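Open the structure, try each task yourself, and then compare your steps with the worked solution.

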Amino acid sequence: FFFRMVPAGFRLVPRGFRPTVVIRSYSSRREYRGTPHEKEYLQRGLDYEFHCIKVLREFSFHARHKGSLGDKGIDFQGFWQVVQGDQFDHLSKEPHMYNIIGQCKHERTQCRSVYIKELEGVLSRWRHKQHHGSFITNQYPERMQLATKMIPIIGLIVNTSGYTQRAIDAFEKTHNPMIMAVIRPANWLPEEPTSEHLKSCLLYWRANEPAMKYLPGMSSKRVTTEDSTGTIVPSVRLSYNDLDVSSFELP
């Protein structure tokens with residue numbers, strides 16, 4: 001005779017007992033549309049991703065939205081042009097365009113270090129693609145001569161509420177080139193925003209040391225503008241080799 005002590009809150013079950021478990025099939029998971037609150041949260045994040053792409057376009061970022069099921073942590077990807085179109089040289093030793101992988105976080109709290117590590121993992125997986133201009137040539141096939149040139153990949157993380165100190169520390173310690181930014185949400189804009197309104201959405205811009213090695217001519221400065229109500233609005237303007245990047249046209 002064998003006596004087993006059963007802890008409080010537990011009970012013995014017969015050998016071979018199999019509890020009935022309802023497992024939702026893959027097809028039914030795909031059909032799941034979420035609660036109204038979840039739908040609102042997802043839609044708000046999606047709208048912010050498209051808004052960030054529109055704002056970055058004002059600073060010569062040419063990006064396409066990628067955020068979807070199976071996007072592997074990428075919300076948008078494309079390239080950043082850092083010279084005037086008439087000065088663009090495919091044979092230049094220094095890249096005149098940079099591949100960009102971006103993530104957007106539309107949250108009410110500050111961005112945490114876990115998101116920096118997430119982007120770091122994405123950059124590590126895509127590191128092998130920096131030896132060709134895949135992002136550029138996919139969008140502009142006529143630039144196939146870029147496919148034999150090393151074009152670095154830089155990670156860009158954008159959010160609405162700033163970053164915790166731990167996130168900044170992780171950002172500075174990583175060996176992957178990254179840029180962190182803060183972009184105001186679209187509900188801050190008037191109904192018919194101008195180019196200047198979109199530029200004013202860029203509130204914060206910071207590159208880590210590996211990114212600055214690739215972008216030695218990049219600089220940012222804080223400016224203030226006055227809106228229609230007379231309110232002083234702070235924002236950031238970007239330049240490369242002392243030229244305003246928002247004025248660059250495609251070559």
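This is a predicted model: local features need pLDDT of at least 70, side-chain atom pairs count only at pLDDT 80 or more; totals for chains, interfaces and linings use all residues.

**Exercise 1.** Find the salt-bridge partner of Glu118 and say which parts of the chain the pair ties together.

*Solution.* 
- Start with the charges: side chains of opposite charge can pair when their charged atoms come close.
- The partner is Lys105, with the closest N and O atoms 3.7 Å apart, and the cut-off for a salt bridge is 4 Å.
- Finally, check accessibility. Glu118, at 32%, counts as partly exposed, while Lys105, at 15%, counts as buried.

**Exercise 2.** Work out which residue of strand 6 Glu172 is linked to.

*Solution.* 
- Glu172 forms a salt bridge with Arg206, and their closest N and O atoms are 3.0 Å apart.
- Glu172 sits in helix 5 (residues 165–173) and Arg206 in strand 6 (residues 202–207), 34 residues apart, which makes this a link between distant parts of the chain.
- Both ends are partly exposed: Glu172 has a relative accessibility of 33% and Arg206 one of 29%.

**Exercise 3.** Trace the salt-bridge network that includes Arg237.

*Solution.* 
- Begin with Arg237 and Glu196, whose side chains meet in a salt bridge at 3.4 Å, N to O.
- The two come from distant parts of the chain: Arg237 from strand 8 (residues 232–240) and Glu196 from helix 6 (residues 195–199), 41 residues apart.
- Arg237 is buried at 13%, whereas Glu196 is partly exposed at 43%.

**Exercise 4.** Describe how the rings of Phe61, Trp80 and Trp205 are linked.

*Solution.* 
- Two values are needed: a pair of aromatic rings is described by the distance of the centres and the angle of the planes.
- For Phe61 and Trp80, the centres are 4.5 Å apart and the planes at 10°, so the pair is stacked.
- For Trp80 and Trp205, the values are 6.0 Å centre to centre and 65° between the planes, and this pair is edge-to-face.
- Trp80 lies in strand 2 and Trp205 in strand 6, so their pair ties together parts 125 residues apart in sequence.
- Check burial too: Phe61 is buried at 3%, Trp80 at 0% and Trp205 at 8%.
- Together, these ring pairs link Phe61, Trp80 and Trp205 into a cluster.

Note on methods:
Residues are numbered from 1 along each chain as its sequence is written. Side-chain values use heavy atoms; hydrogens and water are left out. Helices (H or I, at least four residues) and strands (E, at least two) are DSSP runs, numbered from the N terminus. Buried means under 20% relative accessible area, exposed over 50%, partly exposed in between (1.4 Å probe, protein chains only). Rings of Phe, Tyr and Trp (its six-membered ring) pair if their centres lie within 6.5 Å; planes under 30 degrees apart count as stacked, over 60 as edge-to-face and the rest as tilted.
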